[in-house]
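Open your viewer and get your selection tool ready. We will take this one stop at a time.

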Amino acid sequence: MIWFFLLVVVALSALAFFGGRGLAARRAAAKGVRAHSRPTQHGLYALIWVGAPSLLVLILAGIFSGGIAHHALVAGASPEVEQLEPFRREAFFQDAYLVGAGQPAQQIWPAPLTEQLTVQGRRSAEIRTVLNVGTGIAALIAAILGGLYVFLRIRPDLRARNRVEDWIGALLFACSAVAVLTTIGIVFSLLWDSLRFFQSVPVAEFLFGTKWSPQIAIRADQVGSSGAFGAVPLFAGTFLIMIIAMCVAAPVGLFSAIYLSEYASRTSRAVVKPILEILAGVPTVVYGFFAALTVGPALRVFFNSIGDLLIGGPLNDVGLYLSLVQNQMALVAGAVMGIMLIPFVSSLSDDIINSVPQSLRDGSYAMGATRSETVKKVLLPAALPGIAGALLLAMSRAIGETMIVTMAAGLAAKLTLNPLDTVTTVTVQIVTLLTGDQEFNSPKTLAAFGLGLTLFLVTLVLNIVAQRIVQAYREQYD
Amino acid sequence: MTDATLSKAGVGADTARVSKLQAGIKKRHARERRFKLYGVLAVSVAIGFLLLLLGRIIEQGHTAFYAHEITLPVYMDPARIDRTYPQGTNFQLMTAEQELKRLGIQDDDKGTKATAMRSLFSSELKFRAAAIVRDNPAVIGQTVTIAAPASDEADLYYKGEISKATPADQRRLSDEQIAWLDRMKSSGAVRTHFNGALFTNGDSTEPELAGVLGAVVGSALMLLVTALIAIPIGIGAAVYLEEFSPRNRISDLIEVNINNLAAVPSIVYGLLGVALFINWMHLPRSSPLVGGLVLALMALPTIIIATRSSLKAVPPSIREAALAMGASRTQTVFQHVLPLAMPGVMTGAIISMAHALGETAPLLLIGMVSFVPGIPHSAVEPTGALPSLVYIWENASERAFHERTAAAILVLLAFMIVMNAAAILLRRRFERRW
């Protein structure tokens with residue numbers, strides 16, 4: 001449907017372009033004067049006035065019609081459907097949409113609901129049709145009104161080019177405003193649902209509580225705990241994995257950067273840099289697979305065999321512990337995340353080391369220093385703030401990384417700093433809370449937004465600090 | 001200075017100093033070598049990890065590209081086939097019983113062995129047999145040769161992934177079943193072939209029938225939505241910021257904003273998608289439309305940054321020349337600067353699309369973790385995507401899904417390599433240095 005309308009709008013705009021162009025030429029010729037703008041500019045002006053209003057109508061309809069259709073469908077639902085638990089009701093309406101659109105439902109519904117599904121499906125299709133036809137008519141009216149306006153306005157003395165350029169400028173500004181709107185959208189959607197979450201769970205309990213078990217009974221008759229939302233174990237787990245990742249990424253990344261910028265020949269640079277870029281381009285889900293099925297089992301076997309060796313010796317307890325270590329440990333997720341961050345750290349540090357002025361190096365060599373001494377005593381101190389910024393950015397990446405930890409770190413919310421234990425992180429919990437059966441108003445689901453807000457704020461602060469440091473440092477040598 | 005030292009101190013003290021200095025130089029050079037070694041070590045660690053990663057995935061995944069097919073004569077028993085409803089016949093069990101008879105094995109009265117034999121054939125056998133009967137009912141009462149995939153466990157055995165050496169209680173196939181599989185193989189009924197199903201099927205709960213096509217189409221639709229939204233808006237925003245925006249607080253704010261957006265964790269975009277597109281706008285869950293919108297917002301900052309840097313690379317002389325010829329600012333930008341910057345812009349856009357293709361976390365939140373069989377036809381119906389398929393298969397309990405996960409990763413990487421290669425080619429071919 002929407003494609004059909006878009007096609008109509010495109011066709012009308014094309015019509016307006018050619019019509020406007022012809023009209024401008026004819027009117028200029030009739031008056032026998034030279035027009036301010038060329039006919040093509042008049043054509044574009046007509047195109048904008050016909051296309052923009054109707055496109056605006058279509059975009060607004062695209063944004064709001066889903067919500068309106070949903071409210072209309074919910075408002076007229078039958079009592080059988082009303083009696084469903086909220087999250088089942090949502091799923092039911094979802095299926096009604098699918099049935100209405102001529103697709104199979106995703107679930108099988110029991111007897112009275114099966115008929116209801118067809119009824120509601122038909123209703124949803126009707127609502128959609130009404131909305132679509134309404135949108136189409138509104139868009140058409142907008143196009144016609146725009147066309148009329150243009151038809152009256154086109155005159156040889158119309159400053160069509162300037163007008164068109166103003167429109168283009170406004171459009172470009174709107175494009176860059178999308179970036180700001182995205183930020184506002186992120187902040188509002190996180191804040192809105194987090195506020196609802198903090199109505200049922202106090203902020204202090206969330207930030208300082210040490211017990212995390214978000215399982216809440218979804219139905220009244222279900223056996224389940226009341227849930228505890230103390231996020232400290234998640235923060236500890238995230239921190240632990242981040243530290244392990246940085247222990248891998250910082251030295252390896254930094255030393256590769258030093259090697260690449262100070263030692264490597266032109267050819268080896270040309271070979272090594274693309275390889276590091278490949279490492280950076282591998283999707284995180286692939287790293288997760290690697291962690292879960294290669295690194296995890298390998299490290300478990302390694303620690304278990306060490307444990308078996310120690311059992312019976314003076315370190316019997318340690319041996320017993322090591323022999324029972326599982327695949328999912330913080331070390332696995334952290335180490336693989338560290339590998340993922342190597343190219344990130346190395347390319348950032350490479351840039352920073354390269355931006356240290358050559359004169360500092362030359363001065364150091366002239367005093368008889370070796371390369372390593374130059375690096376250690378001159379370059380690194382000079383580049384230190386920048387490198388600190390790069391490491392902060394890497395930390396923010398490590399905190400926000402999701403797939404590796406989801407696939408390799410586990411779900412047990414333990415308050416521990418032992419790298420061989422399974423821990424869980426903020427991102428893992430967000431994924432767990434929001435996948436599977438869910439009800440959008442339960443604290444369990446809303447907790448994900450509380451965690452998301454925390455994550456967003458922490459990474460934001462880290463990024464801003466890091467960018468400030470890097471920028472301030474760059475200015476020093478510019 | 002040396003003269004002064006010579007005259008003041010004795011020759012003995014001097015040689016001591018020289019040797020001390022030489023020892024120091026030796027030490028310093030050793031330190032230098034060690035330091036360089038660390039660098040080499042770090043680079044080789046990074047490269048080693050990459051090779052290990054790719055090697056492991058190829059090692060785990062290459063077996064998924066071929067599969068085994070069992071060809072058996074099936075007597076279409078008129079007593080067991082319902083002519084009006086051939087799909088209802090248990091062809092698998094029927095074939096299994098006939099095969100047992102051929103192998104000369106007596107079943108017990110509960111039919112345990114027939115059930116064990118039956119589990120060696122894929123359920124595809126049933127569909128193929130039913131299709132033959134439906135197309136030509138005359139075959140009932142005759143013997144037909146039917147080729148069908150081996151079940152996932154049987155396939156794994158033929159590939160050598162299930163070994164006889166493992167204790168029987170730790171593998172999914174019994175000694176008896178393995179003996180049958182060996183006999184079928186030696187009788188020439190088993191054929192190894194390229195696993196076309198992997199590329200032509202949608203997802204399935206049965207590993208031997210599961211394929212990536214549904215996810216590939218889903219990912220393609222999603223990228224289409226992303227590209228249609230993110231590339232024009234990204235270029236527009238970059239052109240505004242680079243060529244038009246006045247230097248004021250608002251444009252500074254937008255700039256800081258874009259830099260920060262580029263570093264927002266991807267899962268936060270997923271939360272935005274849930275709250276905005278699904279809960280508020282009621283767009284269909286787990287559809288390529290929602291996925292594409294979320295990825296578009298994510299790709300936007302990268303595209304803006306890439307476009308700005310290639311606009312910056314166009315020398316000001318071009319702009320000045322155009323302006324001097326009487327072109328307006330808009331004409332200058334759209335007729336001269338942007339076309340010259342286009343190769344760089346497209347390179348950045350393709351790379352960010354390749355990045356969006358591999359993004360997984362936001363897709364999990366908007367519902368792309370559910371099992372969706374079949375191949376999507378439009379951008380508003382529930383689908384899977386390649387990276388989320390990797391996640392789903394990795395979590396599956398059947399062992400045969402492990403090799404398929406690695407194969408799906410290889411498919412994903414192949415797409416990314418193609419896109420990146422296109423970007424590099426574009427850069428090599430068209431990029432101009434001023």
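Start in chain B by selecting helix 3 (residues 91-103) and helix 5 (residues 124-135), which pack with their axes 8 Å apart at an angle of about 100°. Keep in mind as you go that this is a predicted model. Angles of 65 to 115 degrees count as roughly perpendicular, and helix 3 of chain B and helix 5 of chain B are therefore roughly perpendicular to each other.

Now show the side chains at this contact. From helix 3 of chain B, pick B:Phe91, B:Gln92 and B:Thr95; they meet B:Leu125, B:Lys126, B:Ala129 and B:Ala130 in helix 5 of chain B. Colour them by class and you will find four nonpolar, two polar and one charged residue.

Next, stay in chain B and select helix 11 (residues 266-280) with helix 12 (residues 288-313): their axes are 10 Å apart and the packing angle is about 130°. That angle makes helix 11 of chain B oblique to helix 12 of chain B. Turn the view to look at how the two cross: the crossing of helix 11 of chain B and helix 12 of chain B is right-handed.

Which residues of helix 11 of chain B meet helix 12 of chain B? Select B:Ser266, B:Tyr269, B:Gly270, B:Gly273, B:Phe277 and B:Ile278 on the helix 11 side, and B:Val290, B:Leu293, B:Val294, B:Leu297 and B:Met298 on the helix 12 side. This contact has eight nonpolar, three polar and no charged residues.

Finally, bring both chains into view. Their contact takes 78 residues from chain A and 72 from chain B. On the chain B side, highlight helix 2 (residues 11-61), which gives the most, with 17 residues. The chain B side divides into 49 nonpolar, 15 polar and eight charged residues.

Conventions:
Residues numbered from 1 in each chain as written. Chains lettered and ligands numbered in written order. Predicted model: local features only at pLDDT ≥ 70, side-chain atom pairs only at ≥ 80, totals over all residues. Axes fitted to C-alpha atoms, helices over the stretch in contact; angles between N-to-C directions. Helix = DSSP H or I, 4+ residues; strand = E, 2+ residues; numbered from the N terminus. Parallel < 35°, antiparallel > 145°, perpendicular 65-115°, else oblique. Left-handed = near helix turned anticlockwise from the far one by under 90°. Contact = placed C-beta atoms within 7 Å. Nonpolar A, V, L, I, M, F, W, Y, C, P; charged D, E, K, R; others polar.
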